[in-house]
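Reader: Please take me through this structure in short questions and answers. Start with the ligand.

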Amino acid sequence: MNTQSQSRLPTTHRIVDIKQETDHVQTFTFNTSLGAKPGQFAMVWLPGVDEVPMSIAYDDGKQIRITFFAVGDMTKKLAKSAVGDLVGLRGAFGSNYEWEKGQKLALLAGGYGAAPMYFAAHEAIKDGCDVHVFVGARSKEHLLYLDELSSLKNVTLHVATDDGSQGFKGFNVQDINKVIKGGEKFDQLFACGPERMLVAVSQLSCDHQVPSQLSLERYMKCGYGLCGNCVVDPLGIRLCIDGPVVHNDVCVKITEFGKYHRDGVGRKIAF
Ligand SMILES: Cc1cc2nc3c(=O)[nH]c(=O)nc-3n(C[C@H](O)[C@H](O)[C@H](O)COP(=O)(O)OP(=O)(O)OC[C@H]3O[C@@H](n4cnc5c(N)ncnc54)[C@H](O)[C@@H]3O)c2cc1C
Ligand code: FES
């Protein structure tokens, strides 16, 4: 965790750029830094509406970006923002992806997971890593960050769509399974996306004995270990501190992984 620049209180920042990625996905840029590392998240506050966790899609010490789906009350209102509007940010919170210099990494991204994976790829290549990114989506209209990922040197991009409208037909986890069976060897797998995708990556990691780091999402309120809303059964670890990025050897001990999560008042919701 980045304690030096971490702020537990929100500060407001003006949106300096808005990119419409797809019909329901936007990327906002702010002229500030939270000192974030790839995998960490920020609490994003829309005054009078709500505050929700979002992965930091990029932070270069001068600007940060978030990429989000307009799915509910807060994010639909956030999506109506214009350049110049103020948004509250606090963080960076949580654990981050970790690699060693020169490693061969496979990054698996589903949905908005493509944004933090772009950030991870951008940083890992600075350490001489050979990075393969497997981006998956339902169909080609939902693919994110392909141009950004293609522009990175030493990054090999693999695209998968469920309906075969672009790239491999099927899930990105099936695609990498084929690549590994074809003889490619990776030092580590990183994944960010829907929990059913993470379950498949966890299984792949065990089957091929490749260590993995997975980004798990649970309902978050405080973001820094105070409220207990993000604990997972039976370990009792708080995913805002011990996650969201969790090593697979810990993940396999979380019995609720892939089965259920809890809402804002702690009720179990099955996946
Ligand atoms: C670590 C982490 C990183 C995330 N990164 C991103 C991201 O980069 N981009 C993105 O679009 N979304 C991200 N999310 C999910 C995002 O927080 C939810 O989409 C958002 O909270 C929905 O809020 P809403 O009011 O629009 O919708 P609602 O209708 O209130 O909720 C829709 C669903 O979002 C989830 N949700 C709602 N509030 C929270 C909360 N406080 N904490 C966790 N989940 C919640 C619940 O599963 C809920 O069913 C992330 C979540 C976590 C935990
Ligand atoms: S969100 Fe409060 S303890 Fe994790």
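Reader: Which residues come nearest to ligand 1?

Author: This is a predicted model: local features need pLDDT of at least 70, side-chain atom pairs count only at pLDDT 80 or more, and totals for chains, interfaces and linings use all residues. Residues are numbered from 1 along each chain as its sequence is written, while chains are lettered from A and ligands numbered from 1 in the order in which they are written. A residue is near a molecule if its C-beta atom, placed from the backbone, lies within 6 Å of it. Of the 21 residues around ligand 1, those that come nearest are V52, F68, G72, M74 and T75.

Reader: Which element supplies the largest share of the shell around ligand 1?

Author: Helices (H or I, at least four residues) and strands (E, at least two) are DSSP runs, numbered from the N terminus. β4 (50–55), β6 (64–69) and α1 (73–78) each give at least two residues to the shell. The largest share, five residues, comes from β4.

Reader: Is G136 buried or exposed?

Author: G136 lies in strand β9 (residues 130–137). A residue is buried if 20 or more other C-beta atoms, placed from the backbone, lie within 10 Å of its own, exposed if 12 or fewer, and partly exposed in between. G136 has 29 such neighbours inside 10 Å, so G136 counts as buried.

Reader: How far apart are the end C-alpha atoms of helix α5?

Author: Helix α5 (residues 195–208) has 14 residues. The expected span is 1.5 Å times one less than the number of residues. That gives 20 Å for α5, and its end C-alpha atoms agree, being apart by 20 Å.
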